[in-house]
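Please open the model in your viewer and keep the selection tool at hand. The tour goes from one selection to the next and says what is found at each stop.

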Amino acid sequence: MTFSFDKKIERRNTRAVKWDLVKSLYGSEDVLPMWVADMDFEVPPAVKDALTERAQHGVFGYTYTDNALQNTITDWLEYKHDWKVKSASILYSPGVIATLYMAIQTFTDKGDKVLIQTPVYPPFYDIVKNHDRELVTNSLIVQENRYEIDFEDFEAKLQQGVKVFILCNPHNPVGRVWTQAELEKIVALCKKYNVMIFADEIHADLVYHPNKHIPIAKIDEDMEEQIITCMSPTKTFNLAGLQVSYAIVANKQKRDALEKTFHKQGMHILNTMGITALDAAYNNGREWLEQLLEQLQTNIDYVVNNFANHPKVKVFRPEGTYLIWLDFRKLELSQDELKEFLQTRAQVGLNDGASFGEEGTGFMRMNIACPLDIVKEGTSRIKNALDNA
């Protein structure tokens, strides 16, 4: 079956964060939103049908998860990532960030050091600071137009008594998909210094050939007991508003402890529609996802090719995610001036690079998960503004 990703769906007046908050955030409804990480594509038909059927049932009482749902997840992980996971290892959650919040509460104490690799998804900072933990950063470095891990600094930071390392893979916003060799180094160092790993792998299914996502928990069987892996169908199939995710926690003692924290916070049941969507997407969304990846690759190619060798912007081609990291530092503008320039001159709404950490100053993040015509329009607006700057 062939799926179309050209259809422009009107999202305004649906309480869509991406579209309905444009004026309040960017000052004008004429600004084209290419920021928050959801897609402007319809979900797979099988998901839409499943949700419609469930809605027509008309009763939305308490819903539980069963063995069939666990098997759906384990089958997906084996199909997509060649990862054989025991169904008992699965712990459900309304979202990856919720799981990370619960994990920090469960496995660290006030004052404990938590390491993140910057620039990185803004909630990572909140996870640490909101719990009165000490933030430790390992800045990623650029080598030959590609972000790399500074392993010398990484180890030096671990030596300071870090309790937990939060991994982002694929990395948001720089788009790296960490290689087997890189993951092996991370695991070896965390094992050496007895550091737990919390892995945010929500973009795991959105990876472009020849790159391959490798769950970090697969790297070392011994270290698997020290890893909590967070995954979800929400980025893959555009289900963020349904709030459904899961964690893979191999160690039973740790899994029980984390589940206890969830219960303390009153989080012990999933959204009925989220369960329905996850089940339908993983069971019937494979072909749709293959074609989605082709469309996203086309969109990425368009942006990269149109900005190739442009004197005022550098594009970091993502190996995974549908987010493109743009370097505008050659404009020599302050961050506020850069935001104003893109909002008013280009009339495109991007994510502020500085929100990902100080290393993001001079950068912006662009979401290309939309019909190609919108990508072309956004790219044209930015390019015209730059050419006339």
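Begin with aspartate 38, which counts as buried because its relative accessibility is 15%, where buried means under 20% relative accessible area, exposed over 50% and partly exposed in between, with a 1.4 Å probe and protein chains only. Aspartate 38 sits in the loop between S1 and H3; helices (H or I, at least four residues) and strands (E, at least two) are DSSP runs, numbered from the N terminus. Leaving aside residues up to four places away in sequence, aspartate 38 touches Arg11, Lys18, Asn238, Tyr322, Asn367 and Ala369, a contact being heavy atoms within 4.5 Å.

Before going further, note that this is a predicted model, in which local features need pLDDT of at least 70 and side-chain atom pairs count only at pLDDT 80 or more, while totals for chains, interfaces and linings use all residues. Residues are numbered from 1 along each chain as its sequence is written, and side-chain values use heavy atoms, with hydrogens and water left out.

Next, select the aromatic residues: a search of the whole structure finds 17 aromatic pairs. Rings of Phe, Tyr and Trp (its six-membered ring) pair if their centres lie within 6.5 Å, and planes under 30 degrees apart count as stacked, over 60 as edge-to-face and the rest as tilted. The rings of phenylalanine 5 and phenylalanine 41 have centres 5.2 Å apart and planes at 80°, so this pair is edge-to-face. Phenylalanine 5 lies in the segment before helix H1 (17–20) and phenylalanine 41 in the loop between strand S1 (32–33) and helix H3 (45–57), so the pair ties together parts 36 residues apart in sequence. Both phenylalanine 5 and phenylalanine 41 are buried.

For another pair, select tryptophan 325 and phenylalanine 363, whose ring centres are 5.1 Å apart with planes at 10°, so they are stacked. Tryptophan 325 belongs to strand S12 (residues 323–327) and phenylalanine 363 to strand S15 (residues 363–367), 38 residues apart.

Now display Phe5, Phe41, Trp76, Tyr79, Phe237, Tyr246, Tyr282 and Trp288, which form one aromatic cluster. Arginine 286 lies over the face of tyrosine 79, at 3.8 Å from the ring centre; a charge sits over a ring if NZ of Lys or CZ of Arg is within 6 Å of the ring centre and within 35 degrees of the ring normal.

Move on to histidine 203, in the loop between strand S8 (196–200) and strand S9 (227–231), which counts as buried because its relative accessibility is 4%. Not counting residues up to four places away in sequence, histidine 203 touches Pro170, Asn172, Lys235, Thr321 and Leu323.

Which kind of peptide bond joins asparagine 169 and proline 170? The bond is cis, with omega about -5°, and proline 170 lies in the loop between strand S7 (162–168) and helix H8 (180–192). A cis peptide bond also joins asparagine 172 and proline 173, with omega about 25°.

Select threonine 321 next, in the loop between strand S11 (314–316) and S12, where phi is near 75°, a positive value in a residue other than glycine. Threonine 321 is buried, with a relative accessible area of 0%. Finish at arginine 15, which has a positive phi of about 60° although it is not a glycine; arginine 15 counts as exposed, at 82% relative accessibility.
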